[in-house]
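Subject: Structure handover

Hello,

Here is the structure I promised to pass on. Please open it first, then read my notes below.

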Amino acid sequence: MKLQVAMDVLTIDAALTLAGQVAPYVDILELGTPLIKHEGLSAVRAIKDAHPDKLVFADLKTMDAGELEADIAFSTGADYVSILGAAGDSTIIGAVKAAKAHKKGIVVDLIGVADKVTRAKEVTALGAVFVEMHAGLDEQAEPGFTFQTLLSDGEVARVPFSVAGGINASTIAAVQRSGATVAVAGGSIHGASDPAAAAAELKAAIV
Ligand SMILES: O=C(CO)[C@H](O)[C@H](O)COP(=O)(O)O
């Protein structure tokens, strides 16, 4: 299982600092949606230039204009671009077309999708390299939130999937047992007093 750090910071400087701290322990460097909205896709270029050996994930969460938005991000250095599973099939098909042209990958983020299992199968058939079983920051804060549903949806869907939703050192082993191909960790790394140590601890928990 690969480890992806979600860099939910707001400036390119902060992202470069964080990436420099955690790169030895992670496989995928994700530019978070707030960072891209704040700094633009130049953040993707800056991270790829600084870490050409790492996979770079642009968390666009695209809902429309799939081919155009994905093409821009791939042209700027992204290896993966996220498209929302709630988007129409034509948006996902367009984004996959751009990914194929660049020999890169589309990840479909299932945040907010009620039936994640069905949509996971549909978008994988459309060409997504993997889906993200994702509970966003707001959903994590809702009463009754349970992380377990993400894992069981991934297990049932039987397609390549990542998991994101507050993963930390005490939950990452369960993520791996569920069969996930990627564990995404944001706050447990960028919010730690020592992000390098936090990333190292997560990496060490992956067997
Ligand atoms: O995409 C996101 C929110 O929409 C986050 O980057 C993702 O949820 C990972 O962060 P955390 O581990 O803090 O949940």
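In which strand is the place of Leu 29? Leu 29 sits in strand E2, which covers residues 28-31. Before going further, please keep in mind that this is a predicted model.

**Around Leu 29**

Leu 29 counts as buried, because it has 24 C-beta neighbours inside 10 Å and the cut-off for buried is 20 or more. Leave aside its neighbours within four places in sequence, and Leu 29 is in contact with Val 5, Met 7, Ala 19, Ala 23, Ile 47, His 51, Lys 54, Val 56 and Phe 57. Lys 48 is 19 residues away from Leu 29 in sequence. In space, their C-alpha atoms are 8.9 Å apart.

**The chain as a whole**

The secondary structure of the chain comes to eleven helices and eight strands. The C-alpha trace spans about 45 × 35 × 30 Å along its principal axes. Of the 207 residues, 47% count as buried. Now take the contacts with a separation of 6 or more: 60% of them come from residues 24 or more positions apart.

UniProt, in an unreviewed entry, places the feature "domain: Orotidine 5'-phosphate decarboxylase" at residues 2-202. That span is 46% helix and 20% strand. Its end C-alpha atoms lie 11 Å apart.

**The nonpolar core**

The largest nonpolar core has 68 residues. Which of them touch the most other members? They are Met 7, Ala 15, Val 81, Ile 106, Val 163 and Ala 183. Met 7 is also one of the contacts of Leu 29. Val 81 has its own set of partners. Beyond four places in sequence, Val 81 is in contact with Ala 58, Leu 60, Ala 70, Ala 73, Phe 74, Ala 95 and Ile 106.

**The ligand shell**

There are 16 residues around the ligand. Ala 6, Gly 136, Ala 164, Gly 186 and Gly 187 come nearest. Strand E8 (182-185) supplies at least two residues of this shell, and so does helix H10 (187-190). By class, the shell has six nonpolar, eight polar and two charged residues.

**Two backbone angles to check**

Most residues other than glycine have a negative phi. Lys 61 has a positive phi of about 50 degrees, although it is not a glycine. Lys 61 is found in strand E3, residues 55-62. Lys 61 counts as buried, because it has 21 C-beta neighbours inside 10 Å.

Ala 65 is not a glycine either, and its phi is positive at about 55 degrees. Ala 65 has its place in the loop between E3 and H4. With 14 C-beta neighbours inside 10 Å, Ala 65 counts as partly exposed.

**On to helix H4**

Asp 71 lies in helix H4, which covers residues 66-75.

Best wishes

How values were computed. Residues numbered from 1 in each chain as written. Predicted model: local features only at pLDDT ≥ 70, side-chain atom pairs only at ≥ 80, totals over all residues. Near = placed C-beta within 6 Å. Helix = DSSP H or I, 4+ residues; strand = E, 2+ residues; numbered from the N terminus. Nonpolar A, V, L, I, M, F, W, Y, C, P; charged D, E, K, R; others polar. Core = buried A, V, L, I, M, F, W, Y, C linked by C-beta atoms within 7 Å. Buried ≥ 20, exposed ≤ 12 C-beta atoms within 10 Å, placed from the backbone. Contact = placed C-beta atoms within 7 Å. UniProt positions renumbered as here; feature names shortened; annotations may be inferred.
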